[in-house]
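Colleague: I have just opened this one and have not looked at it before. Can you walk me through it?

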Amino acid sequence: MSLKLPPYTFDDFQIGMKMRSQGLTVTETHIIQFSGLTGDYNPLHVDDVFAKETIFEGRVAHGLLIQALAVGLFAPLVAGTTIALIEVSSKFLRPVKIGDTIYVESEVVDKKPSEKYNGGIITFRHEVKNQRGETVATIETKLLIARGLAIRKNALKA
């Protein structure tokens, strides 16, 4: 693939292609806002006194918050070309604490053209890593991606 600027279309992705996102430092604000949005006020995430007595010895981010942040770090690559998010599967391997910086290494693992849409389904494997290079989560996503901008005239076959 040539070095073109995102967003990438269905045809730009090739099996085996790898990408790396910028980093993002997880803050207390991320955790508190996520708790408010989801209603998940587990003391492991929001109560410092409680969390210090756990095996993590402090507050940790919600797994689903890390998933959401990771997908957000990847999203600029397909902003405007994604028709739909089809599937997400995640495994959370290590805790992410306030102050940890995460980034995402993504790889195209499968690519199938769609007969109905002008594009197809691409399966990505994402490894979410912390500032020490440790994998904290693995995420697999399947996205329906258009061959151009995901507007009606480009996303549906004539």
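**Rings, charges and strands**

Modeller: Lys-111 has its charged end over the ring of Phe-10, 4.6 Å from the ring centre. A charge sits over a ring if NZ of Lys or CZ of Arg is within 6 Å of the ring centre and within 35 degrees of the ring normal. Arg-20 likewise lies over the face of Tyr-103, at 3.8 Å from the centre of that ring.

Colleague: What kind of model is it, and how are residues numbered?

Modeller: This is a predicted model, where local features need pLDDT of at least 70 and side-chain atom pairs count only at pLDDT 80 or more, while totals for chains, interfaces and linings use all residues. Residues are numbered from 1 along each chain as its sequence is written, and side-chain values use heavy atoms, with hydrogens and water left out.

Colleague: How many aromatic pairs are there?

Modeller: Three aromatic pairs, counting rings of Phe, Tyr and Trp (its six-membered ring) with centres within 6.5 Å; planes under 30 degrees apart are stacked, over 60 edge-to-face and the rest tilted. One has the ring centres of Phe-13 and Phe-124 5.1 Å apart with planes at 80°, so the pair is edge-to-face.

Colleague: Where in the chain are Phe-13 and Phe-124?

Modeller: Phe-13 is in the segment before strand E1 (18-20) and Phe-124 is in strand E5 (residues 119-129), so to speak distant parts of the chain, 111 residues apart. Strands here are DSSP runs of E, at least two residues, numbered from the N terminus.

Colleague: Is Phe-13 buried or exposed?

Modeller: Phe-13 is buried, at 0% relative accessibility. Phe-124 is also buried at 0%. Buried means under 20% relative accessible area, exposed over 50%, and partly exposed in between (1.4 Å probe, protein chains only).

Colleague: Switching to strands, why is E6 called largely enclosed?

Modeller: Nine of the 12 residues of strand E6 (residues 135-146) are buried, so the rest of the structure largely encloses it.

Colleague: Which strands does E6 pair with?

Modeller: E6 runs antiparallel to strand E3 (residues 82-92), with nine bridges, and antiparallel to E5, with 11 bridges. Pairing takes at least two DSSP bridges between two strands. Ser-89 has Glu-140 in E6 as its bridge partner, and Gly-120 has Ile-145.

Colleague: What about the hairpin of E5 and E6?

Modeller: That hairpin has five residues between the strands, and Gly-133 takes a positive phi near 80°.

Key
Helix = DSSP H or I, 4+ residues; strand = E, 2+ residues; numbered from the N terminus.
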